[in-house]
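I opened the model today to see how its parts are put together. My entries follow in the order in which I looked things up.

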Amino acid sequence: MMNEVPISWFLTLSAVLFALGVAGFLFRRNIITVFMSIELMLNAVNLSFITFSYQLNQVNGHLFAFFVMVVAAAEAAVGLAIILTVFKNRGTLNIDDVNSMKN
Amino acid sequence: MQLWLIPLLPLAGFLINGIFGRRFSKGLVNAVAIGSVLLSFAWVLKTIFSIDLNATHAEHYFTWIQSGALNVGCDFAVDRLTVVMLLVVTGVGALIHIYAIGYMAHEGGYYRFFCYMNLFMFFMLVLVLASNYVLLFVGWEGVGLCSYLLIGFYFDKKFATDAGNKAFIVNRIGDFGFSLAIFSIFRHFGTFDFGTVFAQAPQASTGVLTTIGLLLLVGACGKSAQLPLYVWLPDAMAGPTPVSALIHAATMVTAGVYMTARSWPIYTHAPDAMNAIAVIGVLTAFFAATIGLAQNDIKKVFAYSTVSQLGYMFVGVGCGVFSAGIWHLVTHAFFKALLFLGAGSVIHALSGEQDLRQMGGLRHKIPWTFWTMMCAAVAIAGVPPFAGFFSKDAILLGAYEHAPWMYWLGTLTAGLTAFYVFRAMFLTFFGGYRGHEHPHESSPVMLVPLAVLALLSLAGGALFKVPDFLASVFPVMQEHGNPTLMYISVAAGLAGIFLAWLMYVARPAMADSVATGLHGLYTWVLNKYYVDEIYDAAVVRPVINGSRVVLWKGVDAGLIDGAANGVGSRARDIGSVLRLMQSGSIRSYATWVLFGSVLVIVAMAAQWFGEAVLR
């Protein structure tokens, strides 16, 4: 079953996923891609929680992962609503063009 | 005994006339103003006859300042010295108020004039009745304020407002010394109350008492126009003549003499300070008399005469004959007020002319004024048996006991006094009329006070033996009554009168030839030894320039405004740098979020690591 896949691999995977999420969040131009990167970061953290809760044989990590998923869902709903409004008003999904707060 | 009524009646007059006077008729303003002073005088008389004059009658009204060890109450006290001062202030004050009805009848600001006069009476009475130094200082400052208001009464004339400023500012210098004296008194005696301070004075060290005495002298020099702070008094003649008579002859300028006499327990234990008083007094008397010789404005002659006579009072106080100094204060109030009021009558008769060179031969045209002023002139010249002779003689005898050179200088000054007063009299009333006006005699409301003061000038010395009355207040002065000294001083006075008669009546050309002969000296004296110009160059200009250039432009505009504006500029500069963070681009915000969170994680890790190492 769950034998001898070392815990460190899971944590490394979580870290790599998180780093990919950060990179996508910083460097992508499309707003929807940025949102997907945010979801990726949240899921990486979920993986990390589950790993530790398995290691420590506790249920806390699982519970917290549920919370994170609920929050991610709500945030995705609200965020997509904002994106739709921005697209309706600006006609573009390029975040560099949403800069009317400059100066 | 309700001593508070004495100053408060004039204060009520001030308030009523001040608030409602604009709508009053002249008669009502008069009734309020003169009525309040007359009522005050009546109450003074009642007080004198009700209290026991052999003890000090004190009344405490309320505690004014209570702060730790400092306790100043509003306390009035009446003893024999106070009685003398009260009679002079309210009596002569009432006469001058009555005179002013006639003099100010055609002037603008009628009710304002009487307001200020009543306010002055209030402050002067507070000064005289006070039984501690702080309350005396309140009256002192108040009379200075009223002097400023009244000198600058014709506020649309620049020379009048300048004179008011000069009086107030020069007085302030004296007040600075007075304040230091008051602080010293508190530091060494712990109280300001006269009774307590004077009881403790004998135990204090001479150095302390000398310091206090000299600082009080600085204050007295300012208020009583002695060297070197006399310069405001001649300029103060810019005010209306009743003001010159009341404030700058009879009452305010005598406040310094009164204060010095009141502080006699301090001075008798500080001989150096007393000697300083006498020296300054005699030098001022001589100096001012010389200036008075050459003046052409009738009021200026009498102004310098006042400075000179105040010098005599200080000689009296400084040589230990305190009651003689106070006696001269009383007689001087009579004849000097009369001289000023008479001069006012002359000016009134000539519709405003004040220059002696434009007068002459007026004794037939305004006889009442002439004869009353003559009474004052013989009194001030020290002709026996009139008022000035007794008091001046008592002072000169005391001076001889103290230091003979003061007697000789004082006698010479007596001769000069007689000369310049009679010069003014002869130039005004004798000879031919040199002017262009139509002289007319003044109304009775102006002449009756002149007559009363004339009687007092003639008989006041013989009737009111002030030193006997004050014998229980001051230490007793030895009566040496050296007849020779008396004859010499009287002879000096008579010689002065004769010389004036010679130069201005018998041989009028002699005066001009003396003036041209001694041209340099004459010009120097006529221009008051250029003292005002020297003060202007040495003191006033440097202070104004220092104030303008260093303090205003340098410190205020440069440093302080610079600092305040600089803070604003720096804030704006920092803000303009921080503003660059608000770029409006979502990606840079995201970068900042990441950067911040990395910082937090690093901090937490460092802290955890540090704890792990410690463990």
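**Domains of chain B**

I began with two of the domains: the C-alpha centres of domain 1 of chain B and domain 2 of chain B lie 24 Å apart. I noted that this is a predicted model. For the bounds I looked at the domain assignment of chain B, which gives domain 1 as 1-269, domain 2 as 275-526, domain 3 as 539-582 and domain 4 as 589-615.

Next I asked how many residues the contact takes from domain 1 of chain B and from domain 2 of chain B. I found 39 residues from domain 1 of chain B and 47 residues from domain 2 of chain B.

I then looked up which helices of chain B supply at least two residues each to the side of domain 1 that touches domain 2. They are H3 (80-103), H8 (206-223), H9 (232-235), H10 (241-250), H11 (255-262) and H12 (264-268). H3(B) gives the largest share of that side of domain 1, with 12 residues. By class, I recorded 27 nonpolar, 10 polar and two charged residues on the side of domain 1 of chain B that touches domain 2 of chain B.

**Chain B as a whole**

I listed 25 helices and two strands in chain B. The C-alpha trace of chain B spans about 115 × 60 × 55 Å along its principal axes. Chain B has 615 residues, and 49% of them count as buried. I also looked at contacts in chain B between residues at least 6 apart in sequence, and 82% of these join residues at least 24 apart.

**The two strands**

I went to strand E1 (residues 57-67) and strand E2 (residues 70-78) of chain B, which run antiparallel and are joined by eight bridges. I checked two of the pairs: B:Ile65 has B:Val72 as its bridge partner in E2(B), and B:His60 has B:Asp75. E1(B) and E2(B) form a hairpin with two residues between them. In the turn, B:Gly68 has a positive phi of about 65°.

Why does E1(B) lie largely in the open? I counted how many of its 11 residues are buried, and the number is zero, so E1(B) lies largely in the open.

**Where the chains meet**

I turned to the other chain and found eight residues of chain B in contact with 11 residues of chain A. The chain B side of this contact has three nonpolar, four polar and one charged residue.

I looked up one helix pair across the two chains. Helix H1 (residues 7-27) of chain A and helix H25 (residues 586-614) of chain B have axes that come within 8 Å and cross at roughly 145°. In H1(A), the residues A:Val22, A:Phe25 and A:Leu26 meet B:Arg587, B:Ala590, B:Thr591 and B:Leu594 in H25(B). I sorted the residues of this contact of H1(A) with H25(B) into five nonpolar, one polar and one charged.

**Confidence**

Last, I noted the scores. Chain B averages a pLDDT of 88, and 99% of the residues score at least 70. For the complex, the predictor gives an ipTM of 0.81 and a pTM of 0.80.

Definitions and conventions: Residues are numbered from 1 along each chain as its sequence is written. Chains are lettered from A and ligands numbered from 1 in the order in which they are written. This is a predicted model: local features need pLDDT of at least 70, side-chain atom pairs count only at pLDDT 80 or more; totals for chains, interfaces and linings use all residues. Domain bounds come from an automatic or database domain assignment. Two residues are in contact if their C-beta atoms, placed from the backbone, lie within 7 Å. Helices (H or I, at least four residues) and strands (E, at least two) are DSSP runs, numbered from the N terminus. Ala, Val, Leu, Ile, Met, Phe, Trp, Tyr, Cys and Pro count as nonpolar, Asp, Glu, Lys and Arg as charged, and the others, Gly among them, as polar. Two strands pair if DSSP finds at least two bridges between them. A residue is buried if 20 or more other C-beta atoms lie within 10 Å of its own, exposed if 12 or fewer, and partly exposed in between; C-beta atoms are placed from the backbone. Axes are lines fitted to C-alpha atoms, for helices over the stretch in contact, and angles run from 0 to 180 degrees between N-to-C directions. pLDDT is the predictor's confidence in each residue, from 0 to 100.
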